[in-house]
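Subject: Handing over the structure and some notes on it

Dear colleague,

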Amino acid sequence: MEQTSIAALSTPPGRGGLAVIRISGPQAESILRSLFIPVKRDATGFDERKMMFGKLIHQGKLLDECMAVLFRAPRSYTREDVAEIHVHASEQVINSVLHAVFSLGAIPAAPGEFTRRAFENGRLDLSQAEAVMQLIAASGQQAADAALRQLQGGALRFVQAAQAQLISLMAGVTSAIDYPEEIDEAEAVGNIAPQLRALAGELERQGNLQTARILEEGLQVVICGKPNVGKSSLLNALLHEERAIVTDIPGTTRDAVTGSTQIGGIRVNLKDTAGIRQSGETVEQLGIKRALDAVKSADLRLFVLDRSCLPDAEDEQVLHAITGLPSVLVINKSDLPDHPGFAHWIDSHRDKLPENTIHLSASTGEGLDSLRQAIHAQAGQPEHSALTLARHIRLASQAAGSLRNAAQAMEEGLPLDICAVDLNYALASLGRITGDNYSEELLDEVFSAFCVGK
Ligand code: GDP
């Protein structure tokens with residue numbers, strides 16, 4: 001089938017300095033030639049891979065003065081002929097240029113279709129195509145770095161090495177099946193099964209779903225404590241801005257106040273909850289229910305105590321809600337003298353309190369850096385993982401599961417050709433990461449999450 005030519009606006013819509021309209025496919029050059037008159041024309045015609053300045057004219061009407069560049073296949077993003085037209089980012093100009101491009105035979109690109117063509121034409125593997133999307137969506141510096149490592153083939157190399165190792169182990173199994181009189185099966189199993197388990201362990205170590213989610217969405221941190229301990233002040237101090245309203249009337253911050261910042265390159269989404277305490281007021285009860293839900297679902301809880309007061313039943317209620325969940329004890333107001341009974345209260349509740357304790361002052365900022373470090377430590381270390389996308393980590397863990405099943409079946413003495421079925425499953429799961437064996441459904445799933453123009 002003759003490949004269609006697709007076109008779309010590749011920059012965000014709206015007014016701005018520049019907008020780039022991209023065309024890919026066999027008609028890219030002819031469409032560009034019909035619309036674009038370069039100021040400098042030489043005998044060789046359109047320059048390839050060079051910015052040209054000129055005029056865009058359609059049906060005798062000037063659409064814009066612009067720059068244009070032509071990439072001939074296969075030296076382009078999609079490996080097809082590609083033309084990019086850089087116009088002024090005016091809604092009118094963009095619409096009239098797109099209209100002209102479509103009237104000359106291009107069709108509107110589907111979400112992610114440029115990158116999908118780059119994959120289908122072998123310019124990128126699937127993990128690299130997804131890295132483009134991960135980079136565009138990166139919410140923190142670490143997410144961007146992880147996407148760039150993947151774009152450079154980080155996940156691809158890891159998966160290819162795992163595949164090569166698996167294929168060689170599968171060859172061992174096949175030989176034992178094919179030459180039973182020459183190969184001692186028990187010996188082969190004794191040799192291969194531990195290697196399958198080791199490979200499974202390696203696949204699982206190279207990606208952590210929680211770390212991947214934190215990279216993608218940010219670390220969810222809830223600040224909890226009874227009214228007036230300084231939660232809003234702490235939120236503001238961490239955000240470096242006056243977002244929450246700080247007052248000394250208990251219960252003023254009824255609903256959650258949220259804000260987001262970066263700590264060590266990780267996006268951190270902070271939520272200051274309403275006090276978790278018994279209340280007759282319906283509005284406040286609703287707030288309490290929401291606060292409890294937020295406390296349970298967060299990645300990390302900051303349990304704030306005010307050291308200038310003796311903690312009471314209200315603090316214990318909050319402590320009860322966080323016990324057993326990853327939390328940091330924040331002892332606030334270090335600029336004030338502590339209450340004479342405070343240290344004793346801490347000692348007598350040590351077994352229930354979070355181990356990690358930070359003394360700080362939300363007012364003066366003293367101790368905030370230690371808190372930032374403690375928050376960052378909770379995010380895990382994505383820089384040590386080859387796999388940082390949830391889809392890849394799930395597939396690697398499926399592959400690991402199949403490898404363990406095969407190892408167990410071998411050790412239990414099941415026929416080797418049955419074990420080989422699990423090994424094939426493992427290989428197929430790995431192949432789905434890089435797109436070795438892809439289906440239209442898999443591609444639709446991956447590329448539908450892109451935006452148009454990518
Ligand atoms: P929340 O109800 O827990 O959100 O508490 P707020 O942040 O509204 O603070 C309650 C009161 O404590 C305010 O008057 C703050 O100025 C004060 N406060 C908060 N943190 C500190 C601190 O570190 N030192 C001192 N001295 N006062 C603080």
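Let me begin with a salt bridge, that is, a side-chain nitrogen of Lys or Arg within 4 Å of a carboxyl oxygen of Asp or Glu: Arg 213 forms one with Asp 299, and their closest N and O atoms are 2.5 Å apart. Because Arg 213 belongs to helix H8 (residues 209–217) while Asp 299 sits in the loop between helix H10 (282–297) and strand S11 (300–306), the pair ties together parts that are 86 residues apart in sequence. Helices (H or I, at least four residues) and strands (E, at least two) are DSSP runs, numbered from the N terminus. Asp 299 counts as buried at 5% relative accessibility, whereas Arg 213, at 29%, counts as partly exposed; buried means under 20% relative accessible area, exposed over 50%, and partly exposed in between, with a 1.4 Å probe and protein chains only.

Before going further, please keep in mind that this is a predicted model, in which local features need pLDDT of at least 70 and side-chain atom pairs count only at pLDDT 80 or more, while totals for chains, interfaces and linings use all residues. Residues are numbered from 1 along each chain as its sequence is written, and side-chain values use heavy atoms, with hydrogens and water left out.

A search of the whole structure finds 18 salt bridges. One of them joins the side chains of Lys 226 and Asp 312 (3.3 Å, N to O). Lys 226 lies in the loop between strand S8 (219–224) and H9, and Asp 312 in the loop between S11 and helix H11 (313–322), so this pair also ties together parts that are 86 residues apart in sequence. Here Lys 226 is buried at 14% relative accessibility, and Asp 312 is partly exposed at 33%. Within helix H13, Asp 369 and Arg 372 are 3 residues apart, which means that about one helical turn separates them, and their side chains meet in a salt bridge (2.9 Å, N to O). Asp 369 is exposed, with a relative accessible area of 52%, while Arg 372 is buried at 18%.

The ligand has 18 residues around it, and those that come nearest are Asn 228, Lys 231, Ser 232, Ser 233 and Asp 335; a residue is near a molecule if one of its heavy atoms lies within 4 Å of it. By class, this shell has 5 nonpolar, 8 polar and 5 charged residues, where Ala, Val, Leu, Ile, Met, Phe, Trp, Tyr, Cys and Pro count as nonpolar, Asp, Glu, Lys and Arg as charged, and the others, Gly among them, as polar. Its largest share, 3 residues, comes from helix H9 (residues 231–239). An oxygen atom of the ligand is 2.7 Å from a polar backbone atom of Asn 228, and a ligand oxygen atom is 2.9 Å from a polar backbone atom of Ala 362. A polar side-chain atom of Asn 332 lies 3.1 Å from a nitrogen atom of the ligand.

The peptide bond from Ala 73 to Pro 74 is cis, with omega near 0°, and Pro 74 lies in the loop between strand S5 (61–71) and strand S6 (82–89). Gln 59, although not a glycine, has a positive phi of about 50°, and this residue is found in the loop between strand S4 (52–58) and S5.

With best wishes

Conventions: A polar contact is a pair of N or O atoms within 3.5 Å; within protein, one must be able to donate a hydrogen and the other to accept it, and residues adjacent in sequence count only if both atoms are side-chain atoms.
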